[in-house]
Amino acid sequence: MFRVVPVLRPAWLPALLFFGVLLVQGCSLLPKKEAAADTAAPPLVRSGDTGADQTRKDGDRGARRDAFTVDVRGPDTVREYLALHLEIQRYRALDDLGATEISRLMVAAEANARELLGTLGYFTPTLTLELNETPASTKAPREIVITVEPGELTRVSNVQLSYGGAIADDPTAEAQRDSIRTAWALRPGLPFTQQGWDNAKATALRSLTAKRFPTGSIEVSRAEVDADRQEARLSATYQSGPAYRFGPLVLRGTERYDADGARRIAQLPTGTDYDQQKLLDAQQRLASSGYYDSVFLTLDTESGNPLAAPVIAQLREAPMQKVVLGAGFTTDSGPRLSVDHIHNQLPLLGWRAVSRLSVDTDVKSLSTEWNAIPDDHGWRWFAGAGLKSETSGSYVVDSGRLRSGRSKSSGHIDRSYFLQYDYAQNRGTNAPPSASAVTANWGWTGRYFDDNAVPTRGFALALELAAGYTLTGEQLPFTRTYARWLGVLPLGFAEDRDAATLARRSRLQLRAEAGAVSAKDSAQIPSTLMFLTGGDTTVRGYSYRQIGTVRSDGQIVAGRYLGVVSAEWQRPFVYKDKLTEWESVVFVDAGAVADKPGELKPKVGVGVGARWRSPVGPVQADLAYGVDTKKFRLHFRLGFTF
C-alpha cells in the first residue's frame with residue numbers, strides 16, 4: 001500500500017527556511033566588485049603604533065623582526081652582566097609592542113639595572129636610557145641604548161661574626177670559631193658583591209656544620225651599605241645548635257651480607273665528635289668494598305640524643321657473584337680485553353675474590369685476589385696468585401707469583417706486609433737464566449693531594465722494602481728497595497686564596513723514582529723483582545719497559561738499579577675569561593736502569609701534551625720525542641693513579 005505525504009506538511013517548513021539561509025550565506029563567497037575592496041574597513045591599530053609599523057606587520061610577516069634591540073654601553077666589568085640579566089631582554093621578541101609599551105618597559109629597566117648593579121657593588125650609578133628609531137635595521141625598528149657609569153665600587157669596611165648555641169661558650173670549640181673567622185672570604189677592603197656576600201655566608205655555614213654542629217644555621221645576617229661613602233658593614237650570627245657525637249651504625253637494606261662485616265668495613269668512629277668528612281669516608285669505604293651497589297649515610301639528628309646520634313646507612317646490596325667484561329686501549333700495550341669474575345662470599349672462608357683474565361698486545365695475565373673483611377682495627381688478611389706473560393726489554397718473560405699477608409687502608413695511608421714467592425722464565429735468543437725467590441715485604445703509601453682523582457696541589461709518597469732468598473742456583477740473600485714520589489706545586493702568588501683564582505693558576509708537577517736490588521753478582525734474582533722503565537707513566541718518548549740494562553750483544557734486560565725524574569708544567573686553558581676543562585702541558589722525563597749505580601746513563605724524553613677533565617676522569621695525551629731514539633711517540637691514557 002502506498003502512502004501519500006502532503007507537500008505542505010509542517011515539518012518541511014523549517015527545512016525550507018534552513019536551505020534559504022545557506023543560499024544567502026553562499027552568495028557572500030562570490031567575487032566582490034572593485035568598489036567593495038576600496039571601501040573595506042581599516043585594520044585595527046594599537047595605541048602607540050604608527051602607520052608604517054602597521055604596514056610592516058601586515059606586509060612582511062615572513063621576515064619577522066624583534067620589537068627592539070638593547071645596546072648596553074659602559075665598562076666591561078658591568079656591560080656583559082647587564083646585557084645578560086636585564087629583564088627587558090625577555091620582551092624583545094614581542095614584535096607588536098608599540099612606543100608606549102616600550103617606554104613603560106624602559107622605566108622598569110632603569111630600576112632593574114640599578115638593582116643588578118647593586119649586586120656587583122655599584123650603588124651610585126649614573127644611567128642614561130635612549131630610544132632610537134631604526135627603520136632600516138633588519139633586526140628591529142627601534143633600539144634602546146643604556147649608557148652606564150657605575151660610579152665608585154663599594155668595599156667592605158667591617159665584618160662582625162657572632163655565635164649562638166653550644167658553640168658560643170664551649171672552650172673546646174674555640175679553634176672552630178677561629179677557623180671560621182680566619183676563612184671568612186669577604187674581608188675588609190674587598191669589593192662588596194651580592195655573590196661574594198652569599199658565598200662567604202654559605203662557606204662559613206659549611207665550616208660550622210662540618211664538625212660537631214650538623215644542625216647549625218644562619219640566625220641573622222645583615223649588610224648595611226652606605227652608598228655615599230661606598231662602604232658596606234657586614235654582620236652575621238650563626239646558631240650552632242647542640243654538639244653531636246656519632247652513635248651506633250643502623251643498617252637498612254641488608255639481606256645477604258653480615259651486618260657486623262658492614263660495621264667493620266665502614267670503620268665509623270662511634271662515640272667521637274661528629275665530623276662530616278669521617279662520615280663521608282665511612283660511606284666511601286662501604287661503597288668501594290664491592291659488597292654494595294649503592295650506599296648513603298646520614299646522621300639522625302631527630303633521635304633526641306645528640307651525644308649518641310645514630311648513623312643511618314641506606315644500602316642496596318650487590319649480587320653474590322657477577323662477571324664483568326672490559327675493553328680498553330693504551331699506547332703502552334695497545335687494545336686490551338678482560339674478563340673479571342667477582343665472588344663476594346667464598347665458601348668456607350667467606351672472603352671476597354676477584355679473578356681476572358686480561359689480554360693485550362704485549363701482556364697476557366691470569367690472576368686472583370682474595371680479601372677478608374677487616375677487623376675492628378682496619379687490618380685485613382689477603383692472598384693472591386697470578387700468571388703473566390709479557391714483553392720486557394728484548395725478551396718475553398713468563399712469570400708467576402704467590403703472596404699472602406695483611407693490609408690496612410685508613411684515610412690517606414695504605415699499609416701492608418706480606419710473604420711473596422716469585423719465579424720468572426725468560427724466552428728468546430741468549431735469554432737470561434730462569435730464577436725464583438721468596439721475600440718478606442713491607443709497603444707504605446701516603447697520599448696528601450687536594451683531590452686524589454684530579455690533584456692540583458699536594459704530594460704522595462710510596463715506599464717498598466723487601467728481604468729474601470734466591471731459590472734457583474745458589475741460595476743467596478738479597479734486599480730490594482723502591483721509592484716513588486710525586487708533588488704538585490701551584491705557581492703564582494701564595495696570597496691568592498680565592499678558589500677560582502687557585503683553579504686558574506699553572507702548576508709544576510715533579511716526579512721521582514728510585515730502586516735498588518742489593519745482592520751478590522752471582523745471585524739469580526727473578527727479573528720481575530728488578531727494574532725496567534719507559535712508557536706512558538714513566539719516561540715518555542720510549543716504549544713500555546724498553547729502558548733497561550744493555551748487554552754487550554745489544555739485548556735489553558732488567559737491571560738492579562733504577563732512577564727516574566720528571567718535570568711537567570701544567571697550565572689551565574682559559575677561553576673568553578672562563579676556565580675550561582682543558583689544560584696544556586710541557587714536560588721533560590729522564591730515566592736510567594743499570595746493574596751498577598755508576599753505570600746509570602739517563603735517557604731523556606721531551607714533549608707537549610693536553611689534558612681534558614672528562615666525566616669519567618682525566619684524559620691525557622702527550623706527544624714526546626725520545627732524544628736517544630730520535631723518534632716521536634704518542635702517549636695516551638685515561639685516569640690518574642698513584
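In which sense do strand 15 and strand 16 pair, and over how many bridges? Strand 15 (residues 395-410) and strand 16 (residues 413-427) pair in the antiparallel sense over 15 bridges, where pairing requires at least two DSSP bridges between the strands. This is a predicted model, in which local features need pLDDT of at least 70 and side-chain atom pairs count only at pLDDT 80 or more, whereas totals for chains, interfaces and linings use all residues. Residues are numbered from 1 along each chain as its sequence is written, and side-chain values use heavy atoms, without hydrogens and water.

**Strands 15 to 17**
- Strand 15 and strand 16 form a hairpin with 2 residues between them, and Gly411 in the turn has a positive phi of about 65°.
- Ser416 in strand 16 is the bridge partner of Ser407.
- Strand 16 is also joined to strand 17 (residues 435-449) by 12 bridges, and these two strands run antiparallel.
- Tyr417 stands opposite Trp442 in strand 17.

**Arg352**
- Arg352 lies in strand 12 (residues 352-360).
- Arg352 is buried (under 20% relative accessible area, 1.4 Å probe, protein chains only).
- Arg352 has no salt bridge (a side-chain nitrogen of Lys or Arg within 4 Å of a carboxyl oxygen of Asp or Glu); the nearest side chain of opposite charge, Asp293, is 8.4 Å away.
- The side chain of Arg352 reaches the backbone oxygen of Ser289 at 3.5 Å.

**Whole chain**
- The protein chain has 11 helices and 27 strands (DSSP runs of H or I, at least four residues, and of E, at least two).
- Of its 642 residues, 37% count as buried.

Definitions and conventions: Buried < 20%, exposed > 50% of the residue type's maximum accessible area, 1.4 Å probe, protein only. Lys, Arg positive; Asp, Glu negative; His and termini not counted. Polar contact = N/O pair within 3.5 Å; in protein donor to acceptor, adjacent residues only side chain to side chain.
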